[in-house]
Structure formats: structure tokens, C-alpha cells
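Opening the notebook on this one. I want to see how the pieces sit together before anything else.

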Amino acid sequence: MSTSIAAINELQPSGRKLRQQRVEKLIKFFLMIVAASGMLITTGVVVALVRPSIDFFRSISLGEFLGTTAWFPLYEPPDYGVWPLIIGTFSVMLIAVVIAVPGGLAIAFYLSQYASDSIRRKLKPILEILAGVPTVVFGFFAINFIGPNIAAKIWVFSDIGFYSSLSAGITVGLMIMPMMTTLSEDAMAAVPRALVEGAYALGATKRETCTGVIFPAALSGIIAAGVIAMSRAIGETTIVLLAAGSTANFTFDVGQPMQTMSSFIGFAGLGDQPTGSTGYQTIFAVGSLLFVITFILNMFSRKIVARFREVYE
Amino acid sequence: MSTVVTTEVMRADLRDTTSTSRKNWDKAFLGGLWVFTLLAIITLVVLIGTTLLKGFTRLNPSLLINFPSPFPEDAGIQAAIFGSIWVVVTSGLVSLLIALGTAIYLEEFADRKSRLNNLITINIQTLAGVPSIVFGILGLAFIARGWLSWGFTVGTASAVLTMMVLPVMIVSAREALKAVPSSLREGAFALGATRWQTIVKQVLPSAIPGLATGSILGVSRALGESAPLILLGALAYVSSNPSGLSSDYTVLPLVILKYTQEAQEEFQAVGAAAIIVLLVLLISLNMIAIVIRDKSRKSW
């Protein structure tokens, strides 16, 4: 009897251990607060955008914002029709996606299905370096090479100037191509080996396996990657600021200078806008639009992955 | 005799019966893949080539030592180099601490299926998708002006970059902790260690290489970032090194932006030379990360 009580006493945590456990509860609580603090940033972004935007729409009607087509908010007299920025944003984004999505897919196919190990080991670091090149360097590249040597040569439909959304779009496309490659590679790696080997066993060629088996099986991941590429292209500021100029032209001619939503924010930030002025508030109104569009795209991309992911055993 | 016939027949069956047109399609497809792969390589080569060609005349010690000057041949980027170091080191340290705390909570403490855990993860994904210029807007509204009114200082820039790189840092810190095998934790528990003792003495030391590579990647992002800092006054003409968090500052990417926009060819050369300095810094950081990754490859 007495021995079993002694044994039970020994199994109780010592006083030191109990104290340690209390300290650990505190540590856990503290870490939880740190982890949750990230949510403050999101809240901060939303609050920072919403309040000045409300002030903006108190002085400028939504009808003028969405119903007119001239955007000169920092001039006298100012015009607040946002369409030139929206068209500029989507022109640059479309050009970029037309380059980055097929490019990223092709490199991903090459790396995952064709390249030998030694070629892979050499190509991967090159892509990593390209992915790490700062956007301002791509902007320099756009002005000094892509604009004069590529955009000006291939655009024969109209006079193309020093600044053009074509030059900006091509450069943004090249910038996001490595990211598209990595995301597509991940999607392709999730396709089970058995599916690929089954295709080969039935006599399919390498291309047929790529386009007929791997591509459809990885499609949800690839679409999600494409949507993320769109969102990156829309949010890109510095390249567009340098390469597409600072005039918000209302035009569909990509040989012309254009302004995107992000590049307008950067441009307005270059000049010191006094707090509370309408010029200052436009930064926030356009920022809200940008935030909402990229937020919807990113959510859409997550939903595609969650909804259409093929679950293999 | 009959055996020979069967092998002949079998051999005939094994012959490649893929039609020429299917083979040609295959070749065309591979050709297409090559074109894009080459495009990526050529982009990098031409980009570096263009920069070197334009900037090599200014690749001299005076570039690194001098401060900005109205004369392009005297203009240097010392203030930007020190500004970048200040901003990147402070934001790197703060974001690493927050990311580490978050990752430890999510991976080691939190109940994986809890609401809060889920909410935190979704929030991180949302933050990762926010365009960097929007973080600049946040900084402008609450940190540079408004609530904190810290002005256009090192501290403001550092706070904004901290928020911007946080999602990258958290994701890589979580990966680093996930890579530590659970047998290590269970061993420590079996020997009577508490959860925190296990984390501090077993999990974190094993995760150091992963944490280091992750934070180097985050720091590289911060070092090359320009968009949010355009809104935060980094384009200003700064002719001294920062001395603290409340100093004026400029950073390498913004100096590059400024000189790239200059009309004078000689100033553009300063910008190109600054790009080379920035790329050398970034590539060295990348190499360090690769070396750490390779050296620490442990098989559990």
C-alpha cells in the first residue's frame, strides 16, 4: 500500500516542472499574440485605404470617377476619370501575361520532362538569379534595351515613342516568367508518376504526354499560377513607371505612353502631396481599387486550387 | 527454326511505329520549349551586358566612396549603400523575430485545426498577395504621417519593408520547422523535456540552416525593393550616411531609379554602375544561401 502511494507521488510533476509549465503557458500566449499581429497589418492596410478614399469620394462623385475618361488629378483644373488608368493597367498586364504564361509553362515542361539532371542543375540557378533581379533594374533594362531594340522594332502599327506600354508589358512579362515557371513546375510535380508512365506505356510520345496528360492533370495549379502572374503584373510599379512614362493616355494603342494604377501611385508619390489634399487622396482611392482587384484575383487563385485540385492516391 | 520466326515477329512488334507526323510534332514542341528557355537565359545575359556596357566607366572606388554631386563624374552612392544596409538589417532582424514567433506558434503550439490558426494562415496568404506599393501607402498614412508621424526616415522605411517581407519570412520559417523530423521532438519529450525546452534545445538548432536561407531570401527582397520607398521619401537628395532610425535616408534601388531617369548620359552611367553594385550584393547573398543549404543537407 505505502509503496504504491510513494510511486504515485513520484509520478507527480515536481514543483520545478509545474513552475516551468506555467511559464510555458505564458510563452505560448505571447507567441499567439505575435502570430496574430500579422492580422493588424492587413487591418492597417484596409483602414489606411478606406478613410482617405471616403474623403476622396466626398469631393469627387463616383460618376466622375467611373464615368469620364480624362485622368489629370494633379493638374489645374483636375480631371478624375479613372478609365485611362484601368486601360493602361490591363494593357500592360495582358502583354506581360502573354509572355510570362506560355514562357513559364514551356520552361517548366522543359525542366521537369526533358532536361537532364546536369542541365537542370545549371538552369535552375540562372532562373533563380533572374527571379531575384530587382524591378528597378528591369526598369533600367526596359528603357535601355527593350524599348529601343525590341518594342520599337516589332510595333509597326503606329509611331512608337520612347515610353510605351508595350515596352513596359514585355519587360514585366520577362520579370514574372521565372515565378510562373516555379509555380507551374510545382503543379506538374504533383501529377502522379503512374499517370505519366501509363501514357508512355500506351505508346504516347513525350509531347503527347506533356500536352495530353500532364497539362490537363496540372491544369488547376497552372490556372492558379496564371492568375497570380496577372496579379503580380497589375501590382508592378517601378518597371511601368520607368518604361511607360507618366501620361495617363486614354488609348488602346500600346505604342503610346500609358499609366497604370500602380505607376500612377508611384508617380504621385514622387511629388510631395500635402496631407489631406485631393492629390493626396487620389493615391488612396486608386490604391483601394488596386488592392481590391489584386485581392479578388488572389482569392480566385486560391479557390481554384482548393476546388479543382485532383486528389490522387 | 520456329523460335527464330517468333523472335522476328516480336522484333517487328517492338519496332517504333510512331508516325512521322507525330514525331515531327514532338520535335516542334521541344523546339518551342527551347525557344522560351533560351529567352530566359538571353534576358539575363543581355540585361547584365547592357548594364555593364553603360556603367563600366563609373565602376571605380569613387562611386562607392563619394556622396551625390551635381557633377556626374564625382557622384557616388555611399549614402545609398549605408542607407540600404541600415534599412535592410533592421527590417531583416525585426521580421525574422516576428516570423520565427509566428512559425513556432503555428507549427509547435497551435492546434492545427483551430479557427485562429486557419485565420492566421489565410491572413499571411492575403498579405503575400498585396502589391508592394500598397505597403507604401500604409506607411505613408500611418507611419510617415498620421498616427506615428515618423517622417521620411530609416525607421519608417524599415517598418514598411518589415511588413512587406514578413509573409515570405513566415512561410520559409514554417518550412524550416516542418523539416525537423518529429522523432527528434518525441525523443526530447520521452526524456522529460517540456515543449519549450524541446523547441529551444532541439528543434531550433536543427532548423537553423533552413531559417538562415529563408531570411536571406527575405533580406534580398527588401534590398531590391523600390516601389513602397518611392512613397516614403527615399528619392530625396541625401548627402550623409544615416546615424539612426530617425535619420533621412536613401537606398540603392531608389538611387538607381533617380539616375536612370536623368537626361544626362553620364548620370545614367552612375545608375548603371550602382545596378552592378546592387546585383553583386544580391548574388553574393544568394550564394551564401546556396552554400548554407548544401552544407547542411542532413539525412534524418
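This is a predicted model: local features need pLDDT of at least 70, side-chain atom pairs count only at pLDDT 80 or more; totals for chains, interfaces and linings use all residues.

Domains first. I looked up the centres of domain 1 and domain 2 of chain A, taken over C-alpha atoms, and they are 39 Å apart. The domain assignment puts domain 1 of chain A at 2–59 and domain 2 at 71–308.

Next I checked where those two touch. Eight residues of domain 1 of chain A contact eight residues of domain 2 of chain A. On the domain 1 side I get five nonpolar, two polar and one charged.

Then a helix pair in chain A. I picked α6(A), residues 135–154, and α7(A), residues 165–189; their axes come within 9 Å and cross at roughly 125 degrees. That angle is why I log α6(A) as oblique to α7(A). The crossing of α6(A) and α7(A) is right-handed.

Who makes the contact? From α6(A) I noted T135(A), F138(A), F141(A), A142(A), I146(A), G147(A), I150(A) and A151(A). From α7(A) I have L166(A), S167(A), A168(A), I170(A), T171(A) and M175(A). By class, the contact between α6(A) and α7(A) comes to ten nonpolar and four polar residues, with no charged ones.

Last, the two chains. Their contact takes 69 residues from chain A and 68 from chain B. Which helix gives the most to the chain B side? My entry says α2 of chain B, residues 20–55, with 19 residues.

Conventions: Residues are numbered from 1 along each chain as its sequence is written. Chains are lettered from A and ligands numbered from 1 in the order in which they are written. Two residues are in contact if their C-beta atoms, placed from the backbone, lie within 7 Å. Helices (H or I, at least four residues) and strands (E, at least two) are DSSP runs, numbered from the N terminus. Axes are lines fitted to C-alpha atoms, for helices over the stretch in contact, and angles run from 0 to 180 degrees between N-to-C directions. Angles under 35 degrees count as roughly parallel, over 145 as roughly antiparallel, 65 to 115 as roughly perpendicular and the rest as oblique. A crossing is left-handed if the near helix is turned anticlockwise from the far one by less than a right angle, and right-handed if clockwise. Ala, Val, Leu, Ile, Met, Phe, Trp, Tyr, Cys and Pro count as nonpolar, Asp, Glu, Lys and Arg as charged, and the others, Gly among them, as polar. Domain bounds come from an automatic or database domain assignment.
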